[in-house]
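User: I am new to reading protein models. Can you walk me through a few features?

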Amino acid sequence: MGFAVMTMTDAAAARVKQIVSNSGPDAAGIRVGIKKGGCAGMEYTVDLVTEANAKDDMIERDGAKVWIEPSAVLYLLGTQMDFETTKMRSGFIFVNPNQTSACGCGESVELKPADLAALAKQREAETHA
């Protein structure tokens with residue numbers, strides 16, 4: 001049995017559903033990816049999905065659908081996607097165990113590929129606990 005690349009909080013699911021409902025009848029969800037850029041080296045991307053890509057992984061919570069680009073999967077394994085609103089900003093945030101550092105402004109991150117052996121060992125320990 002496999003496991004989801006990412007999870008999303010109730011707040012993230014609610015925001016995804018709000019984005020989809022405000023984006024017209026062709027909107028199906030959002031796509032999360034990683035691109036090179038920013039002062040720390042990588043940035044998360046979030047785009048509207050009108051047509052699913054069969055190669056993308058997909059997670060769903062309460063009807064909110066998020067697709068994950070294949071090139072980002074190894075960097076996003078174990079990540080929790082959340083949405084927060086503060087006095088200064090509102091947006092998706094990613095609690096990513098593969099993040100090794102971030103820039104001061106929080107717009108870019110440094111990521112390492114997930115350690116698949118460690119993830120398998122952790123999953124095995126959880127199923128036997």
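User: How many aromatic pairs does the count come to?

Analyst: Keep in mind that this model is predicted. A pair of aromatic rings is described by the distance of the centres and the angle of the planes. Here the count comes to two aromatic pairs. Y44 and F94 are stacked, at 4.3 Å centre to centre with 20 degrees between the planes. F83 and F92 are edge-to-face, at 5.4 Å and 70 degrees.

User: Where in the chain do Y44 and F94 sit?

Analyst: Y44 is in strand β3 and F94 is in strand β7. They are 50 residues apart, so this pair links distant parts of the chain. F94 is buried, with a relative accessible area of 13%. Both F83 and F92 are buried too.

User: Which residues of α1 are buried?

Analyst: First, the general idea. An α-helix has 3.6 residues a turn, so residues three or four places apart point the same way. In α1, A12, A13, V16, I19 and V20 are buried. They cover an arc of only 125 degrees around the axis, so they lie on the same side of α1. The helix has 12 residues and reaches 16 Å from its first C-alpha to its last.

User: What is L76 in contact with, leaving aside its neighbours within four places in sequence?

Analyst: Its contacts include V5, M6, V32, I34 and Y44. I68, N96 and N98 complete the list.

Notes:
Residues numbered from 1 in each chain as written. Predicted model: local features only at pLDDT ≥ 70, side-chain atom pairs only at ≥ 80, totals over all residues. Heavy atoms only, no water. Contact = heavy atoms within 4.5 Å. Helix = DSSP H or I, 4+ residues; strand = E, 2+ residues; numbered from the N terminus. Expected span 1.5 Å × (residues − 1). Buried < 20%, exposed > 50% of the residue type's maximum accessible area, 1.4 Å probe, protein only. Arc of directions from axis to C-beta. Phe/Tyr/Trp six-rings, centres within 6.5 Å; stacked < 30°, edge-to-face > 60°.
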